[in-house]
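Here are my notes for someone opening this structure for the first time. Please keep the model on screen while reading.

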Amino acid sequence: MASVEIRDVRKAFGSTQVIHGVNIGINDGEFVILVGPSGCGKSTLLRMIAGLENISGGEIRIGERVVNDVPPKERDIAMVFQNYALYPHMTVADNMAFSMKLRNAPKSEIQARVSKAAGILGLEKLLDRYPRQLSGGQRQRVAMGRAIVRDPQVFLFDEPLSNLDAKLRVQMRTEIKELHQRLKTTTVYVTHDQIEAMTMADKIVVMHDGIVEQMGAPLELYDRPANLFVAGFIGSPAMNFVKGKIRAGAQPSFESDGGGVFPLTTAPQGSDGQPAVYGIRPEHFQLSAAGLPAEVVVVEPTGSETQVVAKIGGQELVCIFRERITAGPGETIRIAPDPNLVHLFDAQSGNRMS
């Protein structure tokens with residue numbers, strides 16, 4: 001196992017800059033997830049760690065070694081791809097053993113490692129099958145087994161669950177997390193799914209347009225997003241944003257552009273009249289007789305909770321309640337945002353206000 005250091009790394013394709021001076025420290029044994037929308041640079045960064053893309057500037061270290069010019073096969077990493085990349089003419093056992101055969105490892109060592117990896121992943125009864133005889137989840141396990149057999153310093157995962165159905169994705173999330181807890185191998189995982197990031201990572205790196213917007217523990221990003229982008233990306237459904245102005249005084253409040261008045265516990269010093277964005281997560285509303293009157297637009301019951309789209313002062317807000325809601329479209333309910341869980345962002349910069 002080894003740490004990974006990404007220091008001022010840049011990448012350009014011709015005159016187009018796609019990675020802009022990224023700095024990320026990954027501790028030995030840490031599970032780090034790079035998350036962001038399509039085109040943010042997360043897969044490009046992963047491929048640079050793997051050596052599949054040259055870097056245009058900066059430095060990448062695996063352990064104590066700078067690997068900028070080290071070929072992929074000599075970096076002591078193992079990569080699991082989105083499309084499994086299994087050899088169709090080889091059995092599961094042969095697919096898992098292939099990299100070790102290329103290194104001319106002793107046959108007894110190959111058999112021992114394949115057997116151990118198969119045991120970890122529940123593949124013992126599938127070793128003689130071919131990829132065409134496997135389900136999507138089983139193929140992904142084989143791809144993971146091939147990585148485990150190599151016993152690398154670092155695992156790299158490039159959106160490995162994207163081709164699986166929803167139920168299988170949840171199952172495989174758990175299996176990958178359990179695998180990491182068992183092996184303690186440094187892991188860098190790329191996904192666009194923030195639920196995967198929240199449930200699996202020790203540390204999340206949120207990327208956008210080739211830069212790191214924020215880096216930290218999952219709940220740290222959820223509780224204290226650094227800016228509007230992170231606030232809107234982390235959490236599902238996304239945080240509600242209301243544009244307006246701060247009203248500081250004996251009873252601070254936030255006045256939306258549509259005329260709605262939202263509660264605040266405190267206002268930043270000197271912020272009276274300052275344009276801002278009021279952020280409140282859907283799950284931080286509650287039904288209250290003393291709440292704000294809101295017109296119901298859509299009600300979406302899911303069984304365990306009810307998602308409601310309601311309108312206050314012309315602003316549509318998504319709310320999640322544990323209660324069953326009997327109100328229909330056009331009716332009025334009273335909702336109260338928890339003022340202790342409100343986020344304020346500067347209207348111009350988008351950064352969090354202290």
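1. Start with the lining of the second largest pocket. This is a predicted model. By class, the lining holds seven nonpolar, five polar and two charged residues. In total, 14 residues line the second largest pocket. Nearest its centre lie Thr266, Val342, Leu344, Met353 and Ser354. The space in this pocket comes to about 220 Å³.

2. Next, the largest pocket. Its volume is about 410 Å³. It has 16 lining residues, and the closest to its centre are Met79, Phe81, Ser99, Arg146 and Arg150. Which elements each supply at least two residues of this lining? They are strand 6 (77-80), helix 2 (92-102) and helix 4. Sorted by class, the lining of the largest pocket has twelve nonpolar, one polar and three charged residues.

3. Helix 2 and helix 4 both contribute to that pocket, and they also pack against each other. Their axes come within 8 Å and cross at roughly 30°. The crossing of helix 2 past helix 4 is right-handed. From helix 2, the contact uses Val92, Asn95, Met96 and Met100. From helix 4, it uses Val142, Gly145, Arg146 and Val149. The residues of this contact divide into five nonpolar, two polar and one charged. Note Arg146: it belongs to this contact, and it is also among the residues closest to the centre of the largest pocket.

4. How far apart are the axes of helix 2 and helix 3? They are 10 Å apart, and the two helices pack at an angle of about 135°. Helix 2 and helix 3 are therefore oblique to each other. Their crossing is right-handed. On the helix 2 side, Ala93, Met96, Ala97, Met100 and Lys101 take part. They meet Glu109, Ile110, Arg113, Val114, Ala117 and Ala118 in helix 3. By class, this contact has eight nonpolar, no polar and three charged residues.

5. Helix 3 (residues 107-121) also packs against helix 4 (residues 136-149). Here the axes come within 9 Å and cross at roughly 135°. Helix 3 and helix 4 are therefore oblique to each other. Helix 3 passes helix 4 with a right-handed crossing. Helix 3 brings Arg113, Val114, Ala117 and Leu121 to the contact. Helix 4 brings Arg141, Met144, Gly145, Ile148 and Val149. The class count is six nonpolar, one polar and two charged residues.

6. How many cavities of 30 Å³ or more does the structure hold? There is one. About 40 Å³ of space lies in the largest cavity. Its lining consists of Phe31, Phe155, Phe157, Ile176, Leu179, His180, Leu183, Thr185 and Thr187. Strand 7 (154-158) and helix 5 (166-183) are the elements that give two or more residues to this lining. Helix 5 gives the most, with four residues. By class, the cavity lining has six nonpolar, three polar and no charged residues.

7. Two backbone points deserve a look. What kind of peptide bond joins Ser236 and Pro237? The bond is cis, with omega about -5°. Pro237 sits in the loop between helix 8 (228-233) and strand 11 (240-247). The other point is Asp8, in strand 1 (residues 4-13). Phi of Asp8 is near 50°, a positive value in a residue other than glycine. Please check both places on the model.

How values were computed
Residues numbered from 1 in each chain as written. Predicted model: local features only at pLDDT ≥ 70, side-chain atom pairs only at ≥ 80, totals over all residues. Heavy atoms only, no water. Axes fitted to C-alpha atoms, helices over the stretch in contact; angles between N-to-C directions. Parallel < 35°, antiparallel > 145°, perpendicular 65-115°, else oblique. Left-handed = near helix turned anticlockwise from the far one by under 90°. Contact = heavy atoms within 4.5 Å. Nonpolar A, V, L, I, M, F, W, Y, C, P; charged D, E, K, R; others polar. 1 Å grid on protein atoms, 1.4 Å probe; cavity = no way out; pocket = protein on both sides within 12 Å on 5 of 7 lines; lining within 4 Å. Points joined across faces, edges and corners; volume = space filled by probe spheres on them.
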